[in-house]
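Me: Please take a close look at one part of this model, the protein surface that faces the DNA. Then follow it through to the rest of the assembly.

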There are 2 protein chains.
Amino acid sequence: MNATAASLLGFLHRGPASGWDLVATAQATIGDFWPVTRSQVYRELAAMEAQGLVRAGPPGRRDRRPYQLTRAGRSAFARWVREPPGPEQIRFPLLLALSFGRHLPPGRLAGFLAEHRTEHEARLARYRAAQEAGAAPDDYAAAALAFGVAYESAVLAWFDQLPDRLTGGGGQARRASSTETRRPSAGAPR
Amino acid sequence: MNATAASLLGFLHRGPASGWDLVATAQATIGDFWPVTRSQVYRELAAMEAQGLVRAGPPGRRDRRPYQLTRAGRSAFARWVREPPGPEQIRFPLLLALSFGRHLPPGRLAGFLAEHRTEHEARLARYRAAQEAGAAPDDYAAAALAFGVAYESAVLAWFDQLPDRLTGGGGQARRASSTETRRPSAGAPR
DNA sequence: CATATCATGTAAGAGGTTACATGATTAC
DNA sequence: GTAATCATGTAACCTCTTACATGATATG
C-alpha cells in the first residue's frame, strides 16, 4: 500500500468521491507536501478497485464515477496509517545549481536565487493568508499549514543571509555602494 | 540531460573518477538535497559513455574503471548548469500522517512526531558540526550547508510549537512534563 | 585464511510526469 | 452554438529504489 493510494482511501472516509473530486481534495489538502496527479489517482483507483479496496457506486452526472470505501479498504487504510511514516524526501535543484556555482557565469546564480526567492515569498504569503482566513478545518491541518509557514520563512531567511557575493551577482563587483544603479536584472533589492 | 547525470559531469571536472568514487562524492556533497544511488550512477555513466559525454580511461586496481570528461561532456554540463533550476520537490510522509491524525489511535501520532524530531535534531547537530569544522570547501558549499541548518532549525522550531494535544499524546511522549497524569484525548478533537 | 572493503554491474518493479485523446454538460 | 468546465482515461517515458549477483584486493 503506497502513501498516495492510502491517502485516497483516507479521503474516501468523508464519503463517496470521483477521481476528479479526489484530485481536487488531494491538491487542496496535502498537495503542498505530497503532490498527487490525475494520472496517479485514476491508476490507483483502478488498482484498488481490482483489489477490492474501493467500489464504484452508481454513476452520476456526466461520466462521473463515484467510488466508495469497502470494508477491506477501510482496514487497509487503518493499517497503513498506523505504520511509522518514512523520512521526508527532498530534491532541491536550486541547491544543486548553487553547489556548482563555480561553473556558472557571473550573475546567473544570483538570478536563479532571486527567482526562487520570489516564488517562496509568494508561497509564504499564501500560507499566511490561509492561516488568517482560518482555512484549516482542524488542528491537524493547522499544524501542517504551520509547517508550511515555518519552512517558507526559513527559506526566505536563508536567502537573506547569503553573502552578497552570491546574491549581488556581477562576479568581482561586490557590494555596489548605496547607489544601486548597476544591476537592473534579477538581483533585485529586497 | 537529467540533473543526476549532470551532477556526475560536474564532479568529473575535478578529474577522472570511477562510479564508486562518484557515489561517495555525490553523497558527501549533494546527498542531503539530491540523493544519488549506486544504481543510478552506473546506469548514467553507461548512458553517458554511449552518448560520448564521458570516456572510460585505463582501468585501475581491482576492477576500477575511471571515467573522464570528454569535450562533449564538458559542454553538455555547461549547458545544463545555465538552465534555470526547477522547483524543489518535497514529499513529507510525516505531514501526511499528521493530516490523517484523526484516524490515528491516541498517542501514536505523538510517537511519530517524537521519532522524527529526534532524527532532525541529529541532522542539525551534524550540519552544525560540519559548519564548525569548516568542512565546506567554498562559499557555495557553505551556503548549501547553511540551508541545511536553516531547514533543520525551522523543523525543530515547528515541532516545538505544536499544540500539546498533538505532541503530548498518550504513549511514548518525549519531554514528559510535570503533569503527565491526565488522560490525553489525542484522537478526539472535532 | 578469513573478513572487510573496494568495485562493478543487472533485474524488476514501483512511482511519477507529461502528453495525448475523448466526450458530456453547463453557462453564456 | 460555442466556449468553459467537468470528467475519465491511456500511453510512453523517465527516474528511482531494492534486491540480487559477482569478484578483487587489502588487512589482520
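Reply: The surface near DNA strand D divides into 3 nonpolar, 8 polar and 11 charged residues. Here Ala, Val, Leu, Ile, Met, Phe, Trp, Tyr, Cys and Pro count as nonpolar, Asp, Glu, Lys and Arg as charged, and the others, Gly among them, as polar. "Near" requires a heavy atom of the residue within 4 Å of the strand. The model is predicted: local features need pLDDT of at least 70, side-chain atom pairs count only at pLDDT 80 or more, and totals for chains, interfaces and linings use all residues. Residues are numbered from 1 along each chain as its sequence is written, chains are lettered from A and ligands numbered from 1 in the order in which they are written, and side-chain values use heavy atoms, with hydrogens and water left out.

Stay with DNA strand D. Of the 22 residues around DNA strand D, Trp20(A), Arg38(A), Tyr42(A), Arg62(A) and Gln40(B) come nearest. Both protein chains contribute helices: helix 2 (19-29) and helix 3 (38-50) of chain A, and helix 3 (38-50) of chain B, each supply at least two residues of this surface. Helices (H or I, at least four residues) and strands (E, at least two) are DSSP runs, numbered from the N terminus.

Of the atoms of DNA strand D within 4 Å of the protein, 57% belong to sugar or phosphate, and the rest to bases. A polar backbone atom of Trp20(A) sits 2.6 Å from a phosphate oxygen of DNA strand D. Asn2(B) places a polar side-chain atom 3.4 Å from a phosphate oxygen of DNA strand D. Ser39(B) turns to a base instead: a polar side-chain atom of Ser39(B) is 2.7 Å from a base oxygen of DNA strand D.

Now DNA strand C. It is surrounded by 22 residues, and the closest are Arg62(A), Trp20(B), Arg38(B), Tyr42(B) and Arg62(B). The surface near DNA strand C has 2 nonpolar, 8 polar and 12 charged residues. Sugar or phosphate accounts for 60% of the atoms of DNA strand C within 4 Å of the protein, bases for the rest.

An N or O atom in the side chain of Ser39(A) is 2.7 Å from one. For Ser39(B), the distance from a side-chain N or O atom to a base oxygen is 3.1 Å. Arg43(A) has a polar side-chain atom 3.1 Å from a base oxygen as well.

Next, the protein interface. Contact (heavy atoms within 4.5 Å) links 64 residues of chain B with 61 residues of chain A. The two chains bury about 6100 Å² between them, 67% of it on carbon and sulfur atoms. Buried area is the accessible area (1.4 Å probe) that two parts lose on being put together, summed over both. Glu88(B), Arg91(B) and Tyr140(B) supply 14% of the area that chain B buries against chain A, more than any other three residues.

Strand 3 (residues 89-91) of chain A runs antiparallel to strand 3 of chain B, joined by 3 bridges. Two strands pair if DSSP finds at least two bridges between them. Ile90(A) stands opposite Ile90(B) there.

The rule for a salt bridge (a side-chain nitrogen of Lys or Arg within 4 Å of a carboxyl oxygen of Asp or Glu) finds 6 between chain B and chain A. One joins Glu88(A) to Arg123(B), at 3.2 Å, N to O.

Over all chains, the search finds 18 salt bridges. Among them is Asp32(A) with Arg126(A), the closest N and O atoms being 3.3 Å apart. Asp32(A) lies in the loop between helix 2 and helix 3 of chain A and Arg126(A) in helix 6 (residues 108-132) of chain A, so this pair ties together parts 94 residues apart in sequence.

Terms used: Polar contact = N/O pair within 3.5 Å; in protein donor to acceptor, adjacent residues only side chain to side chain.
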